[in-house]
Amino acid sequence: LQIAMACHNVHNVLCESHGLQVIPWEDKSPEHHAIVIDSIDRILSGEIESPEEAHDNFVAMKEADGWDYDTEYSTANKTNPRLCDWDELDDVDRMKEELFFAVASSFIKRKS
């Protein structure tokens, strides 16, 4: 949970620096928590090896929860503009994924 909160807080700093809405971890849905924790577990286990794969995992989990792509984000309609291929993400969304992956993977225990 601490790694998930660290990833989320770094994400929020990036969002704030670009004038985007910031939602505290405590106010995010249990479904969001599950997606973040799943991605982190897969990064730490080595199953996810890149920001692109982390994004693909995010998209797959959101779609499995009934979300669809739309240009407007809406929790009520379960739509999200980030439910697209990696190459279609804008620079800020790509940076979000890269930072998420970097923070999560920084917790991988290296063999000495």
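Predicted model: local features only at pLDDT ≥ 70, side-chain atom pairs only at ≥ 80, totals over all residues.
The secondary structure of the protein comprises four helices and two strands. Followed along the sequence, these elements are arranged in the pattern α-α-α-β-β-α. The radius of gyration is 14 Å, close to the 13 Å that the globule rule gives for 112 residues, so the protein is as compact as a globular protein of that length. The C-alpha trace spans about 45 × 25 × 25 Å along the principal axes. Of the 112 residues, 38% count as buried. When contacts between residues at least 6 apart in sequence are considered, 48% of them join residues at least 24 apart.

Helix 1, residues 2–17, packs with helix 4, residues 91–105, at an angle of about 150°, and the two axes are 9 Å apart. An angle over 145 degrees counts as roughly antiparallel, and helix 1 and helix 4 are therefore roughly antiparallel to each other. The crossing of helix 1 with helix 4 is right-handed. On the helix 1 side, the contact is made by Ile3, Ala6, Cys7, Val10, His11, Leu14 and Cys15. Helix 4 contributes Val92, Met95, Lys96, Leu99, Phe100, Val103 and Ala104 to this contact. By class, twelve of the residues in the contact of helix 1 with helix 4 are nonpolar, one is polar and one is charged.

The charged class includes Lys, and Lys96 of helix 4 is worth a look of its own. Is Lys96 buried or exposed? With a relative accessibility of 11%, Lys96 counts as buried, because buried means under 20% relative accessible area. Not counting residues up to four places away in sequence, Lys96 touches His11, Leu14, Cys15, Leu20 and Arg82. Lys96 and Val13 are 83 residues apart in sequence, while their C-alpha atoms are 9.9 Å apart in space.

The packing of helix 2, residues 30–45, against helix 4 has an angle of about 60°, with the axes 9 Å apart. That angle makes helix 2 oblique to helix 4. Helix 2, too, passes helix 4 in a right-handed crossing. Val36, Ser39, Ile40, Ile43 and Leu44 of helix 2 make the contact, together with Phe100, Phe101, Ala104 and Ser105 of helix 4. Seven residues of this contact are nonpolar and two are polar, with no charged residues.

Helix 3, residues 51–64, packs with helix 4 at an angle of about 105°, and their axes are 9 Å apart. Helix 3 and helix 4 are therefore roughly perpendicular to each other. In this case Pro51, Ala54, His55 and Phe58 of helix 3 meet Glu97, Glu98 and Phe101 of helix 4. The residues of the contact comprise four nonpolar, one polar and two charged. Phe101 of helix 4 also belongs to the contact with helix 2.

Lys78 is located in the loop between strand 1, residues 68–69, and strand 2. Although Lys78 is not a glycine, its phi is positive, at about 55°. The relative accessible area of Lys78 is 29%, which makes this residue partly exposed.

Pro81 is found in the loop between strand 2, residues 79–80, and helix 4. Its relative accessibility is 30%, so Pro81 counts as partly exposed. Which residues does Pro81 contact, leaving aside its neighbours within four places in sequence? These contacts are with Tyr69, Asp70, Thr71, Glu72 and Tyr73; Tyr69 belongs to strand 1, residues 68–69. Pro81 and Phe58 are 23 residues apart along the chain, and their C-alpha atoms are separated by 12 Å.

Conventions: Residues numbered from 1 in each chain as written. Heavy atoms only, no water. Axes fitted to C-alpha atoms, helices over the stretch in contact; angles between N-to-C directions. Parallel < 35°, antiparallel > 145°, perpendicular 65-115°, else oblique. Left-handed = near helix turned anticlockwise from the far one by under 90°. Contact = heavy atoms within 4.5 Å. Rg over C-alpha atoms; globule rule 2.2 N^0.38 Å. Buried < 20%, exposed > 50% of the residue type's maximum accessible area, 1.4 Å probe, protein only.
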